[in-house]
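Here is a report on a two-chain model. Please look over the sequence and the structure before reading on.

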Amino acid sequence: MKRSWRLLLSMLAAFALVAAACGGGSDDVSTDTTEAAADGEGEAMEDEAMTDEEMAAMEDEAMDDEAMDDEEMAAMEDEAMDDEAMATGDFNVGLTFDVGGRGDQSFNDSAAAGIDLAESQIGISSSEAEPNADGSNRAELLQLQADNSPLVIAVGFLFENDVKTVAGDNPDTNFAVIDSPMLDFDNGATPFADNIAGLTFAEHEGSFLVGAAAALKSETGKIGFIGGVSGFGLIEKFEAGYIAGAKAVNPDIEITSSYITEFPDFDGFFAPDRANEIASAMYEGGADIIYHAAGGSGGGLFEAAKSVSEASGSKVWAIGVDSDQYNTADDEVKEYILTSMLKRVDVAVFQIIHAQAAGEFAAGNTVYDLSVDGVGYSTTGGFVDDIVDQLEDFKAQIIAGDIVVPTEP
Amino acid sequence: MSFTQFQKLPAYYRWPILAFVGIVVLALVQELTGQGLLTSTTTIQTALKWAMPILIAGLGGLLSERCGVVNIGLEGMMILGTWFGAWGTLQFGSPWWGLFFGILGGAMGGLLHAIATVGFGVDHIVSGVAINILAPGTARYLSDRVFAQMDGGSISQSPRVESLGGFTWPVLAKGPDLFGRVERLDWFIVSDVFGVLRGLLFQMSYLTAIGLALVPISAFLLTKTRFGLRLRIAGENPLAGESLGINIYRQKFIGVIISGGLAGMAGSLIVLDLAQLYRQNQTTGRGFIALAALIFGNWKASGVLAGAVLFGYPFGLSLRDLEGTATRSLLLVIAIALVVVMVWAFTKQNIADGILAGTVAVGSLLFFLFTNTAPSWLPGTMPYVLVLLVLVFASQRLRMPAAVGLPYRKGGS
């Protein structure tokens, strides 16, 4: 009796240790990094499934004959082929995610897709890290990445201050921060240091186009917007562009906006259950198209679109964000995704790695806007094929400067 | 009827009366503020949905604490429930299997807690915290091994899972829709009451029905059965129980494992009913809110239900309330409730409490008058504020199991 108890316990203890060590929760550097640091190779086994899926998604995109995708490919190739041939390099890139990390089928996965592409096209290796739940070890992770990599990419504006500090300590390592310009605005908007680059996006311009699409497609004259977290300026850009685009088509359109949480509570990016409830309330209030800028919560919106459509018998739509969510969403909900606002984090990540490989890393901010296809809209599913001409028209006007999209609602 | 007479009524009279008073207050506020949302069918449905995880996990806490083991690991057991709930559904193709494995996963957490606290006499809080740390790590490790290999899954998220679904009560809420008709007549209070009742019966999910049924079941189990009495003596006076020949270890083990199973069920409810996918951190501290509901409810099944509904209601309302105006009118409800508390305290000659309640009531009223929309943090903080108020004003009336949290060793007398 006693012996069997001991056996059971020791098994439990062993399991606990394994789980604690390997899982690590959102706790520390994931095993990927430590392995990469140890053998200098990067790309741990676990990521392969994800990689395949993303590559498939990217290939899908490339296969589509839509004008948009061709242009995107062309833009990427242009950039890549500037010096006659694609630069190659076998250095390591330290990709540092923010809390939540890989697997949100949105923002972070888009960055991961850029790394995966760079691995196959440029030949780099990579190591990934993700901070613990309260984000208190960001600086240590950056330092760990800098020890092994000549280029460290931080995904998310929350890395701003830590990158400034760590970049000062590591003058030979280049740093790039996504979603932050990394410019010293008190000092004439100059880069903080020669080894810091910012990669920002004109989310408001892309949102303008999906807003216009929503207004063109809406039959009830009511549309909605769900933001993940309000109060830190970024998500409001999406809302402002969306509203401006919708009003440009139909000045009388009714737009309901709602945010899941307020800064500094970032739960709003991981709460599909709450997004589902808010979306249901909007649909029941008469909105027939809802756009979300809520990262991992978006799945709840798609779910709501499906259940409301099935219950009421008339189809309502959802609009995705960041990646082409028609490709990543479950088959059951795909048909409710009208379009997605594309924020090509993958392009930005790929290009900064390419610049590093070619020895052309430049400090300062690069803005990915409509003119370089850094933002845009997706046509997968074919639901917006009939209005592509109008959307392209708006796009041309924005690029030409005839329409100036506001960044605050 | 005086207050003391009311207190002597049996619970199955008292709670409906209190609920009715609550609805009347909501209806009054609704009239005053011109809000339609407070007692509408959809709001009640949402509130009920959001109360369920708190209720079921709270009942889990009840069973554990009644047998003398503090279960602060509820949150961790819920997380195990979310993971296994999603896994069971994906693996075996039916959400009912998901529910089964969710309960099993939570029960495994309960078993671990029981082995540590009952078997080895580890401090209950230490063991509970350990489970809360271990569970998310385990779930993430398993996700990496299982969900990341699936289409649409990743280290932090599972592919979509089917919902358990639900049913609408015939006659009352569909077909003739008797309750709906009365609700649409728009008679003051009467329509509100029927709006609430219809909300309970309309598209009720199976898990909600099970959760509500668990309240009388666990109350009956604890108070009327031999098993329940033995369980309770383990939490009240284990040495006396031991002297009567009861195997206290066994009672505690059973209690804590059932507790974990219920927490796991609450977790799988979040996956199967609310989100329809597993997502890391999606319990967002509801295990701790369940403990708050347990304290609020004075370690009684009906009290846990009241706590869960009170905590779930503002949250559900705020999600439905796109303009933020209905949530704001809740401040008026709080002010009214505190005025009642104040009057009650003064009649009991409890001057300090009365003044405190009055001050908070005035503050709440001013907050109501000088804002147009409620801030989004308000519903999330309500559980904690309510529990604080209960602890301040009714702490003498709270009665926790006498031996809860104390180590027990056989033959220790």
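The report covers the model, chain A, its sheet and domains, and then chain B.

## The model and its numbering

This is a predicted model, in which local features need pLDDT of at least 70, side-chain atom pairs count only at pLDDT 80 or more, and totals for chains, interfaces and linings use all residues. Residues are numbered from 1 along each chain as its sequence is written, while chains are lettered from A and ligands numbered from 1 in the order in which they are written.

## Chain A overall

Chain A holds 15 helices and 14 strands. Here helices (H or I, at least four residues) and strands (E, at least two) are DSSP runs, numbered from the N terminus. Of the 409 residues in chain A, 54% are buried. A residue is buried if 20 or more other C-beta atoms lie within 10 Å of its own, exposed if 12 or fewer, and partly exposed in between, with C-beta atoms placed from the backbone.

Among contacts in chain A with a separation of 6 or more, 73% join residues 24 or more positions apart. Two residues are in contact if their C-beta atoms, placed from the backbone, lie within 7 Å.

## Two domains in chain A

Chain A is assigned domain 1 (30-35 + 44-201 + 346-370) and domain 2 (204-343 + 379-400). Such bounds come from an automatic or database domain assignment. The contact between them takes 19 residues from domain 1 and 21 residues from domain 2.

On the domain 1 side, helix H3 (48-63) and helix H5 (107-121) of chain A each supply at least two residues. That side has 7 nonpolar, 4 polar and 8 charged residues. Ala, Val, Leu, Ile, Met, Phe, Trp, Tyr, Cys and Pro count as nonpolar, Asp, Glu, Lys and Arg as charged, and the others, Gly among them, as polar.

## A buried strand

Strand E1 (residues 92-96) of chain A has 5 of its 5 residues buried, so it is largely enclosed by the rest of the structure. Both faces of E1(A) are covered. A:Asn92, A:Gly94 and A:Thr96 lie on one side, and A:Val93 and A:Leu95 on the other.

E1(A) runs parallel to strand E2 (residues 125-129) of chain A, joined by 5 bridges. Two strands pair if DSSP finds at least two bridges between them. A:Val93 has A:Ser126 as its bridge partner in E2(A). E1(A) also pairs in the parallel sense with strand E3 (residues 151-155) of chain A, over 4 bridges. There, A:Gly94 stands opposite A:Val152.

## The six-stranded sheet

An open sheet of 6 strands in chain A has the order E9-E8-E10-E11-E12-E14, with mixed pairing. Strand E9 (254-262) and strand E14 (375-377) stand at the edges with a single partner strand each, so one side of each is left without a neighbour in the sheet. Neighbouring strands are turned by 15 degrees against each other on average, direction ignored. Strand E12 (residues 337-343) of chain A runs antiparallel to E14(A), with 3 bridges. A:Lys343 stands opposite A:Val375 in E14(A).

Helix H8 (residues 203-217) of chain A packs on this sheet, touching E8, E10, E11, E12 and E14, and its direction makes about 165 degrees with that of E12(A). Helix H9 (residues 234-249) of chain A lies across E8, E9 and E10, running at about 165 degrees to E8(A). Axes are lines fitted to C-alpha atoms, for helices over the stretch in contact, and angles run from 0 to 180 degrees between N-to-C directions.

## A:Pro406

A:Pro406 sits in the segment after helix H15 (388-400) of chain A. It counts as partly exposed, with 13 C-beta neighbours inside 10 Å. Beyond its neighbours within four places in sequence, A:Pro406 is in contact with A:His204, A:Ala240 and A:Ala244.

## Chain B and its face to chain A

In all, 36 residues of chain B are in contact with 44 residues of chain A. On the chain B side, H6(B) gives the largest share, 7 residues. That side divides into 15 nonpolar, 15 polar and 6 charged residues.

Within chain B, the axes of helix H4 (residues 74-92) and H5(B) come within 6 Å and cross at roughly 145 degrees. Their contact has 15 nonpolar, 11 polar and no charged residues. H3(B) and helix H13 (residues 286-296) of chain B pack at about 65 degrees, with axes 8 Å apart.
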